[in-house]
Amino acid sequence: MTSKSLLLVSGVLLTGTAASAGGYQVTLAGQKNNGMGGVGVGLSLDQAAMFYNPGALAMVKDRGVQVGVNATMARQAFRSQYGGPQRELKSNIVTPFNLYAGFGSEDRKFAAGIAIYTPFGNKVEYADGWEGRYSLTGIDLKSIYVQPTVSYAVTDKLSVGAGMVILAYGAVNLQKDIPVEGAAGAQPAHVELDGKATTKIGFNAGIYFKPTDKLSIGASYRSKIDAQVEGGDVTFSNVPAALGSRFTATEFDATLPLPATTSLGIGFMPNENLTLGFDVNYVEWSKYKTLQFDFRGNNGAGGLVAPSGQVGGSNISTSRREYKDAVTLRLGGQYLLTSGLTVRAGGSYDFSPVEDGFVTPETPDADRIGLTLGASYKFGSFGVDISGQFIDLKERTQTEAELVANNTADRVAGTYKTRVLIPGIGLNYTF
């Protein structure tokens, strides 16, 4: 079945994923960068350098404040290996955002700032009664990083920088139906896991070198953080009373890796009006081997149930992920049309970290190509940036035989297809 027919004939089933890169990574950290295919490691465009390469912050021409937001609108479809009815769209819009404030010394040697951004997230809602409802009916994963940053110009050509990365907010809400027999006509049994992650600290560091007016080079590294939920809430609904002793959990613990990223970038400025950039991002997804939930609690059984804290008769739920490290290639440029107007374009190719036979409903991932456009208009110290991205994921099919062979039969066999449209807008003030 072609991509078009899968989207139009089999029915639109899911919507709202915020992930703009492989896995559950979000790379919408700056409106200017968004319009240039996501490049930025080898450039010193603006205060968003705190995300892309802290080492470049000292070389940013102006100090300033900027804020940006995107609207992620995904159109996703699923067709079961065994066929099935057309599903209805559950539409929603996810809005990753960023905020930067950068300051510097009079001699332009030192720069410092604060960055707030959303590097990971994912939201998917499935239609009622879909074929994979016992794997997942919905997930909402959020993360917000806060990054105080410093940067120092060692010479007029070389600068370095680093920032402390704080997972200031992380949350997950995961829901699925339970495969048990209830009363005739009753709603299906259902479980909801909802929890907040504890605060964690990592770091982001980079180096920037501009040997000539026409060439710049950068490298950066953002460390891994394990998002840990301790004591999240477990809520059951519509579980038959006769099976209550198998569903006694009230709390759960879980850990989700937010992987490290190493990036290299090159900037090329053939003349005063044109800037080109090329980035390579290497994400250490291979740290994500399994997703495990540990349950506890008695759910009103007063300690009479042993062992307590069960979901379906087990204290632990483990599901294989077996992600592999992945690379993203980015290319983009900008051209200064007038003293106030700059236009941008770019593209990216993102290799999926998900192996064949390991695709899950919460991250129906695939290799993806991205096309971007953008523009800025500056009037005095104020500026407006807009961007737009179109992301097309390859059609991804896995069969029941593949799932059984990989011991991953806890998910559903079929074909996924996703396309994402991401407009964005930002405001900036320089001084």
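Analyst: Glu362 is buried, with a relative accessible area of 10%; buried means under 20%, exposed over 50%, and partly exposed in between, using a 1.4 Å probe and protein chains only. Arg321 also counts as buried, at 4% relative accessibility. These residues form a salt bridge, with the closest N and O atoms 2.7 Å apart; the term stands for a side-chain nitrogen of Lys or Arg within 4 Å of a carboxyl oxygen of Asp or Glu. The pair links distant parts of the chain, 41 residues apart: Glu362 is in the loop between β19 (341-350) and β20, and Arg321 is in the loop between β17 (316-320) and β18 (326-336). Helices (H or I, at least four residues) and strands (E, at least two) are DSSP runs, numbered from the N terminus.

The model is predicted: local features need pLDDT of at least 70, side-chain atom pairs count only at pLDDT 80 or more, and totals for chains, interfaces and linings use all residues. Residues are numbered from 1 along each chain as its sequence is written, and side-chain values use heavy atoms, leaving out hydrogens and water.

By the salt-bridge rule the count comes to 13. One of them joins Lys32 and Asp385, whose closest N and O atoms are 3.2 Å apart. Lys32 is in helix α2 (residues 31-35) and Asp385 in strand β21 (residues 382-393), 353 residues apart. Both Lys32 and Asp385 are buried. Together with Asp46, Lys32 and Asp385 are linked in a network of salt bridges.

Glu251 and Arg296 meet in another salt bridge, at 3.0 Å from N to O. Glu251 lies in strand β13 (residues 251-258) and Arg296 in strand β16 (residues 290-296), so the pair ties together parts 45 residues apart in sequence. Glu251 is partly exposed at 29% relative accessible area, and Arg296 is partly exposed at 34%.
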